[in-house]
Amino acid sequence: MINRRAFMKSGALALFAAGFGGVPGFVARAADNRKIWTPYKKNKVLVCIFQRGAMDGLMAVSPYADPNLKLLRPSLFMSPAKTEGSMTDLDGRFALHPSLNSLHPFFAEGRMAIVHGVGSPNNTRSHFDAQDYMESGTPFNKGTASGWLNRAVGLTGHDATPFRAVSLTSALPRSFYGDNEALAINNLQDFAIQMRGTPVATHAVAQSFEQLYDQTSSEILNKAGKESFDAMKMLNVNNIRNYQPAQGVMYPASPLGNALKQIAILIKMDVGMEVAFAESGGWDTHYNQGTAIGALANNLRDFSNSIAAFWQDLAAYQDEVTLMTMTEFGRTAYQNGTGGTDHGRASCLFVLGNDVAGGKVYNNIKSLAKADLEDGRDLPVSIDFRSVFSAVANGHLKINDDKTLFPEWGGKELNLMKA
Amino acid sequence: MNLKRMAKTFAVGAVMTVLSAFAQTSHSSEPRIKMPYKKTGLDSRQAAAHLLSRFSFGATPGQVDEVVSMGLDKWLKQQLNADLPDDEVNKRLEGYNTLDLDNSTIVNTYLNPGQLIRVLIMQHLIDKDSLQSAGRKEYQDKLHTLMVQAGYKPMQDLQRELINQKIIRAAYGQNQLKEVLTDFWFNHFNVSLTKNQCEQYIQTYERDAIRPNVLGNFETMLVATAKHPAMLEYLDNASSVSNNNELIRKQENNVQQLRSKLQLRKMNNNDTTGEAGMRLMEQVMNAQKRQGLNENYAREIMELHTLGVDGGYTQKDVTEVARALTGWAPAPLYNNGIAKKIMDIAGEERMKKQGFVHEGDFLFRANRHDQGEKTILGRRFPANGGYQEGMEVLHMLATHPSTAKFIATKLANRFVCDTPATALVNRMADAFLQTNGNIKAVLITMVNSPEFWDQKALREKVKSPFELAISAIRATNADIQQPFQIYAWCMKMGQRFYFYQAPTGFPDKAGYWINTGSLLNRMNFGLAFATEKIPGVKLNLAALNKKNNNFTLAYAAGNNAMISQVTGILIGSPEFQRK
């Protein structure tokens with residue numbers, strides 16, 4: 001059995017910032033419980049990216065071989081060609097937008113799966129409602145207090161740590177609402193006592209706070225205080241400020257790029273994170289969405305390059321991480337009068353990880369003929385988002401409780417994770 | 001320096017604060033105020049501090065002593081009457097342009113982006129093609145310029161003033177209990193700026209549906225929220241539609257007749273006049289048919305606003321309430337909108353005859369109402385109940401025993417502790433039922449109960465980030481010139497108020513607010529606030545110290561920088577997170 005002293009002497013301590021005067025309480029507890037030296041070393045992490053605004057799945061991953069597409073979208077139609085800057089063919093039926101090029105190697109290597117025609121059974125075309133339903137995981141009930149990712153961390157059976165569920169956003173996303181501790185932080189550098197003055201003075205102030213929280217009679221403040229200071233020392237903002245990604249990796253200087261970079265830092269620090277969340281905006285392309293260049297192309301490039309940088313940066317940690325994207329709905333199959341697309345139904349999503357059965361576009365799409373469209377205008381939802389989310393959460397985080405994860409739902413998981 | 005002692009001194013000092021003496025007037029439906037704090041071993045200073053910690057956003061320097069010398073009963077009475085002049089608030093709100101506007105003005109001045117573009121295209125100020133080439137930033141700038149030229153205003157102004165006024169009223173308002181309850185009831189009947197369809201209405205929602213009723217009658221408030229465009233849009237009742245009524249059947253008939261007539265004319269004379277008009281009518285009718293029943297509001301009004309999730313209703317009840325409330329919608333307010341034009345053409349008289357009810361911004365649309373019979377919570381509502389049927393449903397919900405219990409629990413949760421005693425809740429629920437939902441009576445019943453004064457309840461609640469920020473302003477008599485900066489900190493600490501997405505509102509329990517990230521931000525808030533690093537925050541800590549003695553220890557610590565630093569530590573300290 002490993003006691004705290006042995007743990008401190010172990011190599012695990014090297015993981016933590018210099019100057020840290022002891023092992024964080026929650027790490028020590030976890031080490032005691034699990035009788036291992038580095039309690040979080042092989043933790044599985046699920047990273048989710050919410051594309052708010054509804055990504056045009058028909059342009060991101062285009063069913064170009066369907067002759068209806070060109071008729072529906074005369075000026076937005078794209079297809080693969082030999083020329084530079086055109087789409088990349090995936091399987092003779094679907095092609096990847098040129099701005100998503102940096103994701104193509106992952107698809108080709110079989111670690112990235114694409115799911116198309118995915119969405120919610122609730123046919124609302126309101127961003128607010130559709131996001132709400134997707135994040136609560138209950139498409140027909142707004143009153144669900146918790147989010148599906150919060151329920152997911154509650155089902156992993158691991159110890160609670162301050163970093164178990166981390167959202168790189170300023171406010172807690174709906175997916176994270178709930179009883180399990182979850183952290184929303186826009187910038188890990190805020191994870192410090194901040195004041196004007198010398199480092200010595202700041203240190204003194206931090207110590208004063210630590211002392212006060214140590215002495216308080218309020219149990220919850222006492223506990224959270226301890227964990228805050230443990231976590232603060234563990235992260236050590238200097239390390240974050242000076243973080244160097246893996247050789248040759250360049251994160252885009254965008255909100256999504258920054259968020260994923262910080263998620264990579266947390267993964268590499270082995271702080272016990274199990275679910276991470278980031279978001280990206282600007283997908284609501286009603287006007288002038290463009291084709292190979294334009295608003296959507298720019299957004300897709302940022303999305304793709306951020307994910308590619310993240311994945312390369314993870315290097316030795318890739319086995320532990322699965323990344324899944326999501327968007328509240330898709331866009332109309334036909335283009336509108338202002339060079340864009342309006343709110344539709346199904347879109348597509350990406351799942352990346354070494355335990356993903358990738359290299360395939362999972363779909364049940366029939367055709368884009370008017371008779372096959374929902375309400376004569378939209379790509380219908382032929383795969384329930386819950387069948388993807390539950391497959392990924394169950395397959396990667398090893399939880400198996402769909403009743404808790406997605407109450408109301410009795411469907412079958414999509415078989416896209418390796419057994 | 002002994003920080004623990006300092007923290008204690010400060011906490012006690014800050015918790016003590018104000019009041020004034022007023023004659024107690026009696027209202028027959030409300031119990032007499034008889035606060036049994038002596039029975040639980042509290043002296044009047046402790047009791048005043050406790051009362052202030054729960055019924056205000058924090059004591060100002062010297063306020064506890066003021067309340068003691070004025071008398072706790074009198075202070076409470078004054079707060080329940082909530083009619084103290086608010087000169088300081090009024091002064092600080094001078095220059096705010098949106099706070100008195102009605103919904104119609106707001107809707108026609110603060111356009112959403114879609115409306116704006118349509119208007120600009122209509123007025124030939126932009127054409128679609130000119131936008132094709134513009135970059136995103138350029139495009140936004142151009143839109144903004146054109147918007148101002150056309151006399152419209154940005155939605156951000158509306159949001160900013162809404163947020164700022166909440167901070168100013170809470171920090172500087174004299175009627176503190178009213179501000180605390182406005183915060184409470186808004187959260188109970190939550191609507192959210194995250195939903196575009198309702199964002200224009202949230203300022204009037206708080207002002208007209210919540211604020212005037214927070215110390216009044218529960219049913220009045222329930223009805224006010226049910227009819228307000230913000231709630232109708234937020235929980236989708238505005239788009240809940242039934243075709244089961246005479247008006248629709250008649251309309252369908254008319255269209256059919258018209259169709260035959262036009263066909264005949266076309267066959268005989270090859271005359272196609274009137275066909276375009278008919279197609280429009282058909283379109284309107286089909287649009288309505290595509291919509292259907294939406295149960296969101298019906299579910300939440302029972303689960304979250306009245307009965308509570310275990311209040312004894314079924315899915316069938318949800319559907320039946322949704323049917324009863326079909327047709328409850330905002331009146332069309334947007335002058336350029338087709339709905340407004342149709343309503344103007346129809347005329348009030350004709351609409352009234354058809355069973356429409358138009359009250360201000362609310363419109364009961366008889367042509368969307370389900371005329372059939374319903375059974376709700378075991379009670380039969382005969383067919384053709386119209387608008388009145390919905391009002392009866394609301395009355396039934398507002399006065400239901402489950403509602404009394406649910407509301408009593410929630411109030412006790414906010415004002416006493418996270419897990420209130422059953423006896424207390426039952427007593428408050430009885431008061432609710434006996435007075436048909438008189439909120440004052442319920443609050444008085446609460447403070448007349450020993451549980452409110454239980455020593456274990458003292459400083460038991462953890463402040464929300466908003467409460468923390470406002471109590472820091474009050475405890476230091478700070479001058480806040482840029483309230484939005486305080487909002488930015490509330491967000492950092494985990495409370496982006498007015499933006500809580502779910503209809504549940506923010507959870508009212510310590511565990512929700514306190515986690516590692518938020519706690520460090522609370523400490524950093526204390527430091528940034530006390531050292532005036534937050535733009536627009538002005539403090540005079542030395543003067544505060546001389547006047548009140550509360551900061552003697554901080555002052556003894558030495559120079560001004562030190563005083564600020566120590567004050568910052570105190571604001572970030574665990575004791576100051578509690579109330």
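## The nonpolar core

A nonpolar core is a set of buried Ala, Val, Leu, Ile, Met, Phe, Trp, Tyr and Cys residues joined through C-beta atoms within 7 Å. In this predicted model, the largest such core has 269 residues, and those with the most contacts inside it are A:Val115 and B:Met428. Helix H12 of chain A, residues 295–314, supplies the largest share of this core, with ten residues. As a general background, nonpolar side chains tend to be buried together in soluble globular proteins.

Let's look at who surrounds A:Val115. Leaving aside neighbours within four places in sequence, A:Val115 is in contact with A:Cys348, A:Leu349, A:Val351, A:Tyr362, A:Ile383, A:Val388, A:Leu414 and A:Leu416.

## A closer look at Ile383

One of those partners of A:Val115 is A:Ile383, which is found in strand S12 of chain A, residues 383–384. Is A:Ile383 buried or exposed? A residue needs 20 or more other C-beta atoms within 10 Å to be buried, and A:Ile383 has 21 such neighbours, so A:Ile383 counts as buried.

Again leaving aside neighbours within four places in sequence, A:Ile383 is in contact with A:Val115, A:Gly117, A:Val118, A:Asn364, A:Val388 and A:Leu414. A:Ile365 is 18 residues away from A:Ile383 in sequence, and their C-alpha atoms are 9.0 Å apart in space.

## An enclosed strand

Now find strand S8 of chain A, residues 275–280. Six of its six residues are buried, so S8(A) is largely enclosed by the rest of the structure. In a regular strand the side chains alternate between the two faces of the sheet. Both faces of S8(A) are covered: A:Val275, A:Phe277 and A:Glu279 are buried on one side, while A:Ala276, A:Ala278 and A:Ser280 are buried on the other.

Which strands pair with S8(A)? Strand S1 of chain A, residues 45–51, pairs with S8(A) in the parallel sense over six bridges. Strand S6 of chain A, residues 165–167, also pairs with S8(A) in the parallel sense, over three bridges. A:Phe277 is a handy landmark here: A:Cys48 stands opposite A:Phe277, and A:Ser167 stands opposite A:Phe277 too.

## A three-stranded sheet

Chain A also has an open sheet of three strands in the order S2-S4-S3, with antiparallel pairing. Strands S2 (61–62) and S3 (88–89) stand at the edges with a single partner strand each, so one side of each has no neighbour in the sheet. S3(A) pairs with strand S4 of chain A, residues 95–96, over two bridges in the antiparallel sense. In that pairing, A:Thr88 stands opposite A:Leu96.

## Getting to know chain B

Chain B has 34 helices and seven strands. The C-alpha trace of chain B spans about 105 × 60 × 40 Å along its principal axes. Of the 579 residues in chain B, 48% are buried. Among contacts in chain B between residues at least 6 apart in sequence, 77% join residues at least 24 apart.

H10(B) has 18 residues and reaches 26 Å from its first C-alpha to its last, close to the 26 Å expected at 1.5 Å a residue. This helix is mostly covered, with 14 of its 18 residues buried.

## Where the chains touch

The contact between the chains takes 43 residues from chain A and 46 residues from chain B. Several elements of chain B give two or more residues to this side, including helix H1 (3–15), helix H18 (296–305) and helix H33 (560–572). Which helix gives the most? H30(B) does, with eight residues. By type, the residues on the side of chain B that touches chain A divide into 17 nonpolar, 18 polar and eleven charged.

Key
Residues numbered from 1 in each chain as written. Chains lettered and ligands numbered in written order. Predicted model: local features only at pLDDT ≥ 70, side-chain atom pairs only at ≥ 80, totals over all residues. Contact = placed C-beta atoms within 7 Å. Helix = DSSP H or I, 4+ residues; strand = E, 2+ residues; numbered from the N terminus. Nonpolar A, V, L, I, M, F, W, Y, C, P; charged D, E, K, R; others polar. Buried ≥ 20, exposed ≤ 12 C-beta atoms within 10 Å, placed from the backbone. Pairing = 2+ DSSP bridges. Expected span 1.5 Å × (residues − 1).
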